[in-house]
Amino acid sequence: MTVVVEEIQTTPVIQKSSQNSLAPWHIRVGAFAVDVLPGTAVVITMALVSLTVPARGVWWWLCISVIGVAILLILVNRLLLPTILGWSLGRALFGIAVLRRDGATPGAWGLLLRDLAHLLDTASVMVGWLWPLWDSRHRTFADMLLGTEVRRIESDERPHNVRRWAAVAVLTCACVCVAGAAVSYAVVYSRDRAIDQTREQIATQGPKIVAQMLTYDPKTLHDDFLRAQSLATDKYRRELVAQQVIVQNGNPVVNEYWPIDWSIQSATPDRATLLLFMQGRRGAPPEERYITATVRVTFAKDAEKQWRVDDLTVVTKPKPPGNGK
């Protein structure tokens, strides 16, 4: 009698437990961060930039447009992609999906209501967000309200290039934030810095320029007038020349001024207004007399970025100091 021994080969069964297993809390946090934080960073950055640029200007409208696009992309990623493709970017990266208890996808409106219900998780002093740590089904308050769960999905069900797309999304948002900061710097900080430089330059150069323009001596009258003309803009030079002609046709005497005090009334990167208090002397001994005067001077930068007098108005005409005695 021959005994036939049949060898029964058994094939190991691969458990697809990941599809039905509940996602742990830290994975859910990572997926939520990828889905929400980059776009939120763009929205916050552009909102802050919009407060620093001129309202209703080009940069303001650009910031508002970027905010709108960022919010739209967040909603598309959170609500439409899970309905169409079965995953959002962050959930695909971490291998999880939001499903109902029966395994069905909630749909775009269901996901929208779930995200709105997350306000309860926040309103409860963030307790709702931490609730999955001790809940048997790892649910937040929003999950309990909408009857949803977050489960793992098989790796072969996820896009193969999800990491690349996630990296592109994060880097793009980072670049937009950096660009927003650069715009804020260029429009606001650099302008403020340029205005500060204007104030420093006018405080140093302005009084000297005005003193040189108003000072002349009959012995060097021609050279003094040419020097004064070189300190004026094309606009003011015509008026200055007309005044110099009157002096030449009269009886010119020594006219010397020196600044004693000044105040910058306004300043922009290319213009500034200076209120200048001056003392001086007019004539030669024994007819020499000391005088005071107050002038308001507007400075402007020329093509070579040099400060020139663009307008000069006499606020207080020259008079003897003190009581005039």
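Which residues do ring pairs link into a cluster? Ring pairs join Trp131, Trp134 and Phe141 in this way.

## Basis of the model

This is a predicted model, in which local features need pLDDT of at least 70 and side-chain atom pairs count only at pLDDT 80 or more, while totals for chains, interfaces and linings use all residues. Residues are numbered from 1 along each chain as its sequence is written, and side-chain values use heavy atoms, with hydrogens and water left out.

## Aromatic pairs

Six aromatic pairs are found in a search of the whole structure. Rings of Phe, Tyr and Trp (its six-membered ring) pair if their centres lie within 6.5 Å, and planes under 30 degrees apart count as stacked, over 60 as edge-to-face and the rest as tilted. One of the pairs is edge-to-face and consists of Trp131 and Trp134, with 5.4 Å from centre to centre and 70° between the planes. Trp131 is partly exposed, at 27% relative accessibility, and Trp134 is exposed, with a relative accessible area of 52%; here buried means under 20% relative accessible area, exposed over 50%, and partly exposed in between, for a 1.4 Å probe and protein chains only.

Tyr216 and Phe225 also form an edge-to-face pair, with 5.5 Å between the centres and 70° between the planes. Both Tyr216 and Phe225 are buried.

## Helix α9 and its surroundings

Helices (H or I, at least four residues) and strands (E, at least two) are DSSP runs, numbered from the N terminus. In helix α9, residues 221-230, the buried residues are Leu221, Asp224, Phe225, Ala228 and Gln229. Seen down the axis of α9, these buried residues fall within an arc of 140°, so they line one face of the helix, the arc being that of the directions from the helix axis to the C-beta atoms. An α-helix has 3.6 residues a turn, so residues three or four places apart point the same way.

The face of α9 turned away from its buried side carries the exposed residues His222 and Asp223. The cover over the buried residues of α9 includes α8 (162-214) and α10 (234-249).

## Packing of α2 with α8

Helix α2 (residues 25-52) packs with α8 at an angle of about 10°, and their axes are 9 Å apart; axes are lines fitted to C-alpha atoms, for helices over the stretch in contact, and angles run from 0 to 180 degrees between N-to-C directions. The two helices, α2 and α8, are therefore roughly parallel to each other, since angles under 35 degrees count as roughly parallel, over 145 as roughly antiparallel, 65 to 115 as roughly perpendicular and the rest as oblique.

Among the residues that make this contact are Val42, Val49 and Thr52 of α2 and Val176, Gly180 and Ser184 of α8, where contact means heavy atoms within 4.5 Å. Ser184 of α8 counts as buried at 18% relative accessibility and, leaving aside its neighbours within four places in sequence, is in contact with Val49, Thr52 and Tyr189.

## Two further buried residues

Thr140 is found in the loop between α6 (127-130) and α7 (141-146), and at 2% relative accessibility it counts as buried. Not counting residues up to four places away in sequence, Thr140 touches Arg28, His118, Asp121, Gly128 and Pro132.

Val309 lies in strand β6, residues 307-319, and is buried at 0% relative accessibility. The C-alpha atoms of Val309 and Leu231 are separated by 6.2 Å, although these residues are 78 residues apart along the chain. Beyond its neighbours within four places in sequence, Val309 is in contact with residues including Ile209, Met213, Leu231, Tyr236 and Phe299.
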